[in-house]
Amino acid sequence: MIARRTLGARGPSVSAVGFGAMVIAPGIYGTVNDEESLATLHRALELGVNFIDTADIYGNGHSERLVGRAIAGRRGEVVLATKFGGGGRDGLGRPEYVRKAIDASLKRLATDYVDLYYLHRVDPTTPIEETVGAMAELVQAGKVRHLGLSEAAPETIRHAYRTHPITALQSEYSLFAREPERQILPTTRELGLGFVAYSPLGRGLLTGGIRRAEDVQNDFRGSVPWYQGDNLERNVPLVDELERMAEAKGVTAAQLALAWLLHQGPDIIPIPGTRRQHNLELNAAAADISLSPDELGRIDGIFAPQAIAGKRGSKAYLERVNR
């Protein structure tokens with residue numbers, strides 16, 4: 001069974017590697033097969049991967065419904081996280097929307113509570129204290145057990161925490177996206193929050209399976225600067241170096257990337273997503289990989305911030321993060 005970590009100072013015990021369920025929603029990472037996804041989710045539970053993360057906007061609720069089907073009859077085995085307010089529209093942090101969103105998510109998930117409820121993106125038109133205050137009411141009502149934020153700036157995290165204890169922050173963190181190291185991680189560690197790393201494999205780039213822009217032309221990654229033109233040509237050789245290092249160690253590049261993240265601190269929980277059972281098994285096994293200080297230093301050297309070509313998202317995407 002996979003190792004466990006405590007989510008933050010006061011949170012639940014979760015698998016060291018979780019499961020990100022965005023990938024099982026249609027229209028995001030290409031075509032999906034629900035039966036394949038269900039089989040993979042069931043395999044996750046067999047392996048002890050108990051931390052499942054979804055959101056109401058993933059496939060307009062499709063991911064939540066599928067997760068609900070997967071955990072039917074096994075709810076007590078799962079630490080279930082979902083998110084609201086990530087649709088790119090202002091006003092989704094208003095108290096009335098918070099109350100409406102949780103009821104819709106609970107219905108799709110076929111449960112009467114979620115373990116962790118995130119504000120998916122900070123609403124600039126609503127004070128964070130009002131949004132978190134409404135989320136706190138859900139805790140009192142028994143619909144939610146813990147609160148989280150996603151892609152929030154340090155001061156926003158502090159203001160939210162003063163309103164109600166926050167258990168976890170979820171933000172993008174990988175060898176290609178190391179921005180949290182500067183200000184976000186110091187803040188979450190000061191306050192005792194767990195850090196949930198989404199897209200820990202660089203949206204697939206760190207798997208070694210993407211080498212040309214054509215490889216992502218049928219999904220949203222075509223808009224991500226990492227994958228465009230000269231940027232991709234500069235980024236692929238970094239992954240090649242990681243693959244050579246992984247091969248010498250007898251693991252995959254993806255496993256090495258996840259192991260590197262896990263070695264950044266016991267507060268970090270990566271949530272890679274996959275529709276395939278084999279990849280899930282490899283992701284879970286990454287929790288058992290030990291890296292020496294020399295190996296960690298070599299990986300840091302390969303993926304030094306100045307070596308990364310391009311940003312992690314489009315201008316419109318980046319305008320909605322870290323605020």
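This is a predicted model: local features need pLDDT of at least 70, side-chain atom pairs count only at pLDDT 80 or more; totals for chains, interfaces and linings use all residues.

Student: Okay, why is N322 called partly exposed?

Tutor: Buried means under 20% relative accessible area and exposed means over 50%, with partly exposed in between. N322 has 42% relative accessibility, so it counts as partly exposed.

Student: Which residues lie nearest the centre of the second largest pocket?

Tutor: N322 is one of them, along with E179, P180, R182 and R312, and the lining has 14 residues. By class, that lining has 5 nonpolar, 3 polar and 6 charged residues. The pocket holds about 310 Å³ of space.

Student: Now R203, in the loop between β9 (194–198) and α7 (229–249). Why does R203 count as buried?

Tutor: The cut-off for buried is under 20%. R203 has 6% relative accessibility, so it counts as buried. R203 also has a positive phi, near 55°, and is a residue other than glycine.

Student: Last one: how do you know that α3 and α4 are in contact?

Tutor: Contact means heavy atoms within 4.5 Å. Helix α3 (residues 95–109) and helix α4 (residues 128–140) pack at about 35°, with axes 8 Å apart. The contact is made by residues including V98 and I102 of α3 and A134 and L138 of α4.

Note on methods:
Residues are numbered from 1 along each chain as its sequence is written. Side-chain values use heavy atoms; hydrogens and water are left out. Axes are lines fitted to C-alpha atoms, for helices over the stretch in contact, and angles run from 0 to 180 degrees between N-to-C directions. Helices (H or I, at least four residues) and strands (E, at least two) are DSSP runs, numbered from the N terminus. On a 1 Å grid over the protein atoms alone, a cavity is a set of points where a 1.4 Å probe fits but cannot get out, and a pocket is an open set with protein on both sides within 12 Å along at least five of seven lines; lining residues have an atom within 4 Å of a point. Grid points are joined across faces, edges and corners, and a volume is the space filled by probe spheres set on the points. Ala, Val, Leu, Ile, Met, Phe, Trp, Tyr, Cys and Pro count as nonpolar, Asp, Glu, Lys and Arg as charged, and the others, Gly among them, as polar. Buried means under 20% relative accessible area, exposed over 50%, partly exposed in between (1.4 Å probe, protein chains only).
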